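Here are a few exercises to work through with the model open on your screen. Try each task before you read its solution.

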Amino acid sequence: EVNTAWGQTVLLLYSLCRKINLTLTKYQLVPYGNFSYIKVLAENKELPLYGSGGFKLIWDNKFDSGMAAFLECLQQFKEEVERGDSGFCLPYDMEKGKILDRSTGNSYSVKMQFNSEEQWTK
């Protein structure tokens with residue numbers, strides 16, 4: 001289920017970036033269904049947005065890095081759209097693998113490692 005959700009999310013952001021002719025600076029989104037990933041352009045490295053599930057997924061640094069890279073891609077998309085349309089506003093800011101809630105001032109890490117299930121699923 002998590003792999004499918006990430007696959008759909010990558011496909012959506014990939015499509016939105018293509019629609020506005022946005023070329024990401026550090027990453028390339030690769031929508032590939034349940035096995036979608038992000039390619040790090042400078043290192044020619046792949047960061048998977050999928051896992052085999054279970055306990056192993058919790059300790060997978062590449063999966064964590066992939067989720068943090070996705071947030072960077074989303075932040076870049078957000079900034080590009082806001083430049084052209086001042087009415088566009090996502091409800092959360094993203095920074096260094098964290099989602100920032102403006103209303104409470106709290107930040108939530110997308111990384112699973114060293115994170116509680118309650119915090120990760122917020």
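**Exercise 1: a strand pair**

Task: Work out how strand β5 is joined to β6, and in which direction the two run, parallel or antiparallel.

Solution: Start with β5, which covers residues 98-101; in this predicted model, 3 bridges join it to β6, and the two strands run antiparallel. Next, pick a residue pair across the two: Ile-99 stands opposite Tyr-108 in β6.

**Exercise 2: the sheet around it**

Task: Find the strand order of the open sheet, and explain why one side of β4 and of β6 is left without a neighbour in the sheet.

Solution: First, line up the 3 strands: the order is β4-β5-β6, with antiparallel pairing. Then look at the edges, where β4 (92-95) and β6 (107-109) stand; each has a single partner strand, so one of its sides has no neighbour in the sheet. Going from one strand to the next, the twist averages 25°.

**Exercise 3: the helix across the strands**

Task: Which strands does helix α3 lie across, and at about what angle to β4 does it run?

Solution: Take α3, residues 61-84, and follow it over β4 and β5, which it lies across. Its direction makes an angle of about 125° with β4.

**Exercise 4: the whole chain**

Task: In what order do the elements run from the N terminus, and what share of the residues is buried?

Solution: Count the elements to get 4 helices and 6 strands. Reading from the N terminus gives α-β-β-β-α-α-β-β-β-α. Now for burial: with buried meaning under 20% relative accessible area, 33% of the 122 residues qualify. Finally, the exposed surface comes to about 8,000 Å², and carbon and sulfur atoms supply 52% of it.

Terms used
Residues numbered from 1 in each chain as written. Predicted model: local features only at pLDDT ≥ 70, side-chain atom pairs only at ≥ 80, totals over all residues. Heavy atoms only, no water. Buried < 20%, exposed > 50% of the residue type's maximum accessible area, 1.4 Å probe, protein only. Areas by Shrake-Rupley, 256 points an atom, 1.4 Å probe, with all protein chains shown as cover. Pairing = 2+ DSSP bridges. Axes fitted to C-alpha atoms, helices over the stretch in contact; angles between N-to-C directions. Contact = heavy atoms within 4.5 Å.
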